[in-house]
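Biologist: I'm new to this one. Can you put it up and walk me through it?

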Amino acid sequence: MSHTPAETRRLSPLKTPSSLPTNAVTDISTALTALLADVFTLYVKTKNFHWHMSGPHFRDYHLLLDEQAEQIFNMTDDIAERARKIGGTTLRSIGQIARQQRILDNDADFVTPEDMLSELGGDNAQLVSLLREVHDLCDEHNDVATASLIENWIDEAERRTWFLFETTRSQR
């Protein structure tokens, strides 16, 4: 049985056309997938702390973490779609996130508000470092579109880090 060209494309494995060399597609999509695992981890952790916030600054901290979680979540689709646009694949499951994440979970029954904010500040700083590594990889492969997206995410993560740092500074 012979297939039409359209049928052949539909039945073929995922192979999005890309002007990037195969090694660049592999390197960058692998890095983006690991980054996506970290972003999902940071999103869930931020929501965890948002849901379990308590204390005299509850409203301010609760709203701050909700705003930050939304910003983090908004990165996820862009990261995954960028991996697909260049011809790679991306996350397929929660299990894959758990295997690839580098940002640590926090399953503690109770975390003080100050510790929550401080930990998230460190996690966002770690995310900045991971984003810079992927940016460097994109520069090596001349993938300016992915690098451009990452530059905005670095700025957002640095802003979150700054807000969390300033919120946890003690008054003198």
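Modeller: One term before we start. Helices (H or I, at least four residues) and strands (E, at least two) are DSSP runs, numbered from the N terminus. With that, Gln68 is found in helix H3, residues 58-85.

Biologist: What kind of model is it?

Modeller: This is a predicted model; local features need pLDDT of at least 70, side-chain atom pairs count only at pLDDT 80 or more, and totals for chains, interfaces and linings use all residues. Residues are numbered from 1 along each chain as its sequence is written, and side-chain values use heavy atoms, leaving out hydrogens and water.

Biologist: Back to Gln68. Is it buried or exposed?

Modeller: Gln68 is buried, because its relative accessible area is 3%. Buried means under 20% relative accessible area, exposed over 50%, partly exposed in between (1.4 Å probe, protein chains only).

Biologist: What does Gln68 touch?

Modeller: Setting aside residues up to four places away in sequence, Gln68 touches Thr46, Asn124, Arg160, Phe163 and Leu164. Contact here means heavy atoms within 4.5 Å.

Biologist: Now the whole chain. How many helices and strands are there?

Modeller: The protein chain has six helices and zero strands. Its C-alpha trace spans about 75 × 35 × 25 Å along the principal axes.

Biologist: And how much of the chain is buried?

Modeller: Of its 172 residues, 41% count as buried.

Biologist: What about contacts between residues at least 6 apart in sequence?

Modeller: Of those, 81% join residues at least 24 apart.

Biologist: Switching topic. Where does Leu137 sit?

Modeller: Leu137 is in helix H5, residues 113-140. Leu137 counts as buried because its relative accessibility is 18%. Apart from neighbours within four places in sequence, Leu137 contacts Asp27, Ile28 and Ala31.

Biologist: Last topic, pockets. What is the volume of the largest pocket?

Modeller: The largest pocket has a volume of about 230 Å³. A pocket is an open set of points on a 1 Å grid over the protein atoms alone, where a 1.4 Å probe fits, with protein on both sides within 12 Å along at least five of seven lines; lining residues have an atom within 4 Å of a point. A volume is the space filled by probe spheres set on the points, which are joined across faces, edges and corners.

Biologist: Which helix gives the most to the lining?

Modeller: H2 does, with five residues. Helix H2 (22-51) and helix H4 (94-100) each supply at least two. The lining includes Phe40, Lys45, Ile94 and Asp107.
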